[in-house]
Amino acid sequence: MPTHDTAYDTGDLWRDAALRAVAFRDGIGARPQRPDAGYTEMLAALGGPLPDEGCAPRAAIAALAAAAEPGLHAMTGPRFFGWVIGASHPVGVAADWLTSAWGQNCGNHHAAPAGAAAETAAADWLLALLDLPRESSVGFVTGATVANVVCLAAARGATLRRAGWDVEAKGLFGAPPITVLIGDDAHTTVFSALQLLGLGHDRVARIATDGQGRMRADALARALAQSGGPAIVVAQAGQINTGSFDPFEEIVALAKARDAWVHVDGAFGLWARACPEVAAQAAGVADADSWATDGHKWLQTPYDSGYAIVRDAEAHARAMAAAASYLPAAGAGERDPTHYVPELSRRARGFATWAMIRHLGRDGIARMIARHCAIARRMAQRLGREPGVAVLNDVTLNQVIVRFESEPGAEQGDAATMAVIERVQRDGRCFVGGARWRGRWVMRLSVISWPTSEADGDAAVAAILDAWRACRAQDC
Ligand SMILES: *Cc1c(COP(=O)(O)O)cnc(C)c1O
């Protein structure tokens, strides 16, 4: 057995890790759709004094797996409906393993030609899939949170440049104020992005939304009319609870009339564009200026993978590149990944995206999204038929929010809804989460995992209804 200070038997080590991965994945549907152990137990298993002595490579990995596995959540399982997250498709994972094994520092195209070219190629595919302006630049980042930061940095730079201020060089002190207009039901990470960029999470005009969480165009029109100077409108494709889409055609028309930048947070919802059955809901979104979306949600790439897409590639590069290097030193048709992301050294994220699109193809992606939306509708119909169960959103995409109330009453309904969620999680046949919507607790179901079938949806509905009936029997 090789040790830490002798030659490594890499094949032995990696085959062992692969077999562990296979065993974990093969067992995922059969195990409870929740972790067996909690954080405190995990800290006890993984914590402890700093090891003075090393151990053999396989022993280190065996120790890691033995300690970690009880605390792993079945996020890649077929009946995982929590949050809004993808399920690390095996093809994406395989590409990601190779990415790590190849060990490319994917900062520029000279150092990492394959990694850089995979991003360029995958970027073209993404723009075609999402039907966004083909001249847009794409930064391969860790997720939609950072994609929102990157896109809003480009927006900040471009809107201030139009007002005669170079924010990349001079910073925000002394700059003309930017008005940020954002829907009242925007995702929390957009506010984090604004906070990071010095635009402030409270220093925004919050625009009223309708019952589905869509920005109201009339309210936006009024707010825009009241504001002057540089402006950024933040719209949303896919509200985290309802799956709804802002009215982009109206929003973009209003913003353009006022010379405002339109950014769209479309972490999962932008993928509706890749599916003819649901694409119409996002009509007009391609006329925006920037878009944040995720690979590790609907495209099912492993973590971490998100895309910052900006129509004005130069504004994008100016916002990200360090002094002067933004002007591509690369010749025409060459692209340095680092010009479109905050980092210099980074993994070659394009490989996993490339492999997932190569594997599923445009048709496979469209079929998967259509299937998820159909399962969501079916689950909503079945749940909504049960007395005391109300589906609160129009299920037009993959999101379902459900309220449990035997008799009308906010408090009783909150308690009952939380009790049902708790019971479903303990039961372990499926995983669902909770959220607050319009001041009330709801169960949130997100159908967005590649292994989820109609039968999994039905099994989850059965588990949820069992939990609800048990709660009712106990008057909870
Ligand atoms: C998930 C999500 C985000 C954040 O994306 P991460 O990949 O977690 O960084 C932002 N906006 C919406 C609408 C989301 O669903």
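Start by selecting strands E10 and E11, which form a hairpin with two residues between them. Strands (E, at least two residues) and helices (H or I, at least four) are DSSP runs, numbered from the N terminus. In the turn of this hairpin, Arg438 has a positive phi of about 55°. The model is predicted: local features need pLDDT of at least 70, side-chain atom pairs count only at pLDDT 80 or more, and totals for chains, interfaces and linings use all residues. Residues are numbered from 1 along each chain as its sequence is written, and side-chain values use heavy atoms, with hydrogens and water left out.

**The hairpin**

Stay on Arg438, in the loop between E10 and E11. Arg438 is not a glycine, yet its phi is positive. Most residues other than glycine have a negative phi, and most peptide bonds are trans. At 42% relative accessibility, Arg438 is partly exposed; buried means under 20% relative accessible area, exposed over 50%, and partly exposed in between (1.4 Å probe, protein chains only).

Now colour residues 433-437, which make up E10. E10 runs antiparallel to E11, and five bridges join the two. Two strands count as paired if DSSP finds at least two bridges between them.

Next, select E11 itself, residues 440-446. Five of its seven residues are buried, leaving the strand mostly covered. E9, residues 399-404, is another partner of E11: the two run antiparallel and are joined by four bridges. Gln399 stands opposite Ser446 in E11, and Val400 has Leu445 of E11 as its bridge partner.

**The ligand**

A polar side-chain atom of Asp265 is 2.7 Å from a nitrogen atom of the ligand. For Asp294, a polar side-chain atom lies 2.7 Å from an oxygen atom of the ligand. An N or O atom in the side chain of Lys297 is 2.9 Å from a ligand oxygen atom. On its own the ligand has 380 Å² of accessible area, and the protein covers 86% of that. These areas come from the Shrake-Rupley method with a 1.4 Å probe.

**Two loops**

Go to the loop between strand E6 (290-294) and strand E7 (306-310), where Asp304 lies. A cis peptide bond joins Tyr303 and Asp304, with omega about -5°.

The last stop is Trp83, in the loop between helix H3 (57-68) and helix H4 (90-102). Trp83 is not a glycine but has a positive phi of about 45°. Is Trp83 buried or partly exposed? Its relative accessible area is 41%, and Trp83 is partly exposed.

Definitions and conventions: A polar contact is a pair of N or O atoms within 3.5 Å; within protein, one must be able to donate a hydrogen and the other to accept it, and residues adjacent in sequence count only if both atoms are side-chain atoms.
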